[in-house]
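Subject: The two-chain model, and what I found in it

Hi,

Here is the structure I promised to pass on.

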Amino acid sequence: MAKILIIDDDETIHLIGVAYLGKAGYEVQTSFDGPEGLEKAVAFQPDLVLLDINMPKMSGFDVAKKLRENEATRHIPIFIMTSLKQDSNIQRGYGLGIDDYITKPTNMAHLKLKIDKFLEKHKQP
Amino acid sequence: MLEFLTQSPHFYDYVTAGVLFLGVFNACEILFLLYNKTKVERSELRRGNLKRLASTALITATNPADLLPPPVTEDEFAAYSEAIASVLDSFEGEVAVKACQLLTDLKIDDHYRRLARHRTWYKRGNAIDILSSFRLNDNKAFFLDIFRSEPSTDVKYRILYGLSRLTREHAEIRELAELLSTLPYLTAKYTEDIFFNIISTLKAEGKEEEFGLFMKELLDDKLVLNLVKRDCITACHAASCERGRGVLKQYYEAHAHEPEIQIAAVKALAKMGDFALIPQALRHADWRVRLTALKYADLCCMDMLPEIRGLLRDPSYHVRLAAGMTMARAGGAARAALKEEASSQDKFAAAAAAYALTQGAA
């Protein structure tokens with residue numbers, strides 16, 4: 001069972017993410033802020049991180065940077081999921097080594113398909 | 001009074017009474033604060049629980065209104081509206097449709113429409129903000145209606161912000177720009193956000209050409225402030241609105257005496273990889289336009305090296321430095337020319353060239 005970690009300060013995202021992705025057969029864990037998310041990423045070793053940008057304590061960009069710097073988490077794919085649509089943010093995200101930049105509002109069915117395809121393609125032998 | 005008190009045989013009684021009074025007052029104050037703290041905490045907890053309940057109902061139920069108690073208090077309305085706004089901000093598709101339906105079923109939109117006509121301006125403003133977050137198309141006519149009767153400018157700005165999230169056709173965008181021009185100019189960021197919202201919505205719906213049409217109409221619209229036109233171009237830049245590309249050159253030509261519009265046009269076009277305006281912008285009479293053009297000159301116009309080199313002697317300090325930096329970035333012959341200029345007789349040109357060479361080396 002593939003594992004997904006959602007790092008977002010909005011509880012609604014957690015509830016909907018857990019409901020949809022859980023139903024689709026993923027093991028989902030959530031965290032409300034960057035520091036907690038970084039700890040969970042090390043312990044949970046998810047196959048994918050869904051990351052928001054605007055969060056308390058630490059921005060999503062900083063979380064992505066720290067995930068990439070840490071030996072234990074640098075291999076984990078990151079999808080940024082945010083309402084920030086400016087090109088500068090998209091460029092900054094890809095510059096940090098993220099794998100996809102998804103802008104809100106998101107269609108959960110489409111997101112699920114995207115995650116399915118991505119994980120299938122990057123499945124480790 | 002003080003003399004009377006100090007000479008009175010009951011002086012110490014008065015002091016004791018005063019101290020006791022202060023002690024009781026402080027104790028009451030602490031109790032009042034504790035009571036309020038508990039009240040706020042309970043209210044937050046209740047709001048959080050209701051919000052969670054609403055989100056869960058939206059995911060699990062076919063008709064969420066059947067599972068949720070109808071809101072009665074202001075807190076309950078706030079909890080539901082927060083949950084729904086959060087869903088609408090983050091999701092589209094089935095869950096968003098259910099969230100919109102819930103607004104009508106629980107009469108949440110009616111409640112905030114009533115509040116939008118409240119006698120207190122900040123309550124009206126808050127209601128408008130909440131209605132804006134719902135992005136209901138039905139609210140378009142309502143917003144336009146209350147805009148006309150609204151006495152507070154602060155609330156009017158919020159109404160227009162709400163409208164910017166619902167505007168879809170070029171005629172509506174033009175109406176919004178004209179309404180914006182009837183208000184005192186607020187800030188560049190506010191106006192830019194309004195147009196950015198519009199472009200984002202149109203892009204998401206594949207109707208970006210509507211913005212291109214609006215830009216064409218706006219060019220000669222005398223009812224719209226030039227500052228609003230400038231911010232519209234800046235929003236085009238921020239949102240990479242390709243459909244406005246053709247008309248941006250016309251804005252540059254038509255606003256020869258509005259350097260700020262010309263700067264915005266040069267920047268927006270350069271971001272799209274179109275450097276056609278840079279040569280004429282480098283010769284512009286306004287130093288701010290020359291400065292903007294220099295930021296992109298190394299990408300397109302190094303055949304104009306003699307002219308860029310001439311800008312090392314520009315009356316503006318900023319232009320001189322930018323010319324040096326452009327030549328340093330371009331490298332090759334431009335950098336060699338910059339080295340020559342560093343030992344020039346013109347001390348201003350020499351200083352700009354020396355600075356640019358140091359920066360380049362760094």
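Below are my notes, starting with how to read the model and then going through the helices and a few single residues.

This is a predicted model, where local features need pLDDT of at least 70, side-chain atom pairs count only at pLDDT 80 or more, and totals for chains, interfaces and linings use all residues. Residues are numbered from 1 along each chain as its sequence is written, while chains are lettered from A and ligands numbered from 1 in the order in which they are written.

**Where the chains meet**

The contact takes 18 residues from chain B and 17 residues from chain A (two residues are in contact if their C-beta atoms, placed from the backbone, lie within 7 Å). On the chain B side, α2 (11-60), α3, β1 (91-92) and α4 each supply at least two residues. Helices (H or I, at least four residues) and strands (E, at least two) are DSSP runs, numbered from the N terminus. The most comes from α3(B), with 6 residues. By class, the side of chain B that touches chain A has 8 nonpolar, 7 polar and 3 charged residues. Here Ala, Val, Leu, Ile, Met, Phe, Trp, Tyr, Cys and Pro count as nonpolar, Asp, Glu, Lys and Arg as charged, and the others, Gly among them, as polar.

**Helix α2 of chain B**

The buried residues of α2(B) are B:Leu50, B:Lys51, B:Ala54, B:Ser55, B:Leu58 and B:Ile59. A residue is buried if 20 or more other C-beta atoms lie within 10 Å of its own, exposed if 12 or fewer, and partly exposed in between, with C-beta atoms placed from the backbone. Their cover includes α1 (11-23) of chain A together with α3 and α4 of chain B.

Is B:Asn49 buried or exposed? B:Asn49, which also lies in α2 of chain B, is exposed, because it has 11 other C-beta atoms within 10 Å. B:Asn49 and B:Ala79 are 30 residues apart in sequence, yet 8.5 Å apart in space, C-alpha to C-alpha.

**Two helix pairs**

Two packed helices are described by the angle between their axes and the distance between the axes. For α3(B) and α4(B), the angle is about 150 degrees and the axes are 9 Å apart. That makes the two helices roughly antiparallel. The axes are lines fitted to C-alpha atoms, for helices over the stretch in contact, and angles run from 0 to 180 degrees between N-to-C directions. Angles under 35 degrees count as roughly parallel, over 145 as roughly antiparallel, 65 to 115 as roughly perpendicular and the rest as oblique. In this pair, B:Ile84, B:Val87 and B:Leu88 of α3(B) meet B:Val95, B:Ala96, B:Ala99, B:Leu102 and B:Leu103 of α4(B). That contact has 8 nonpolar, no polar and no charged residues.

Next come α9 (residues 170-182) and α11 (residues 209-219) of chain B, which pack at about 45 degrees with their axes 8 Å apart. They are therefore oblique to each other. From α9(B), B:His170, B:Ile173, B:Arg174 and B:Ala177 meet B:Glu210, B:Phe211, B:Leu213, B:Phe214, B:Glu217 and B:Leu218 of α11(B). This contact has 6 nonpolar, 1 polar and 3 charged residues.

In α6(B), the buried residues are B:Arg124, B:Gly125, B:Ala127, B:Ile128, B:Ile130, B:Leu131, B:Ser132 and B:Phe134. Just after this helix, B:Arg135 takes a positive phi of about 50 degrees, although B:Arg135 is not a glycine. B:Arg135 sits in the loop between α6 and α7 of chain B and is partly exposed, with 18 other C-beta atoms within 10 Å.

B:Lys107, in the loop between α4 and α5 of chain B, has a positive phi of about 55 degrees and is not a glycine either. B:Lys107 counts as partly exposed, with 15 C-beta neighbours inside 10 Å.

Over in chain A, a cis peptide bond joins A:Lys104 and A:Pro105, with omega about 0 degrees. A:Pro105 is in the loop between β5 (100-103) and β6 (106-107) of chain A.

Cheers
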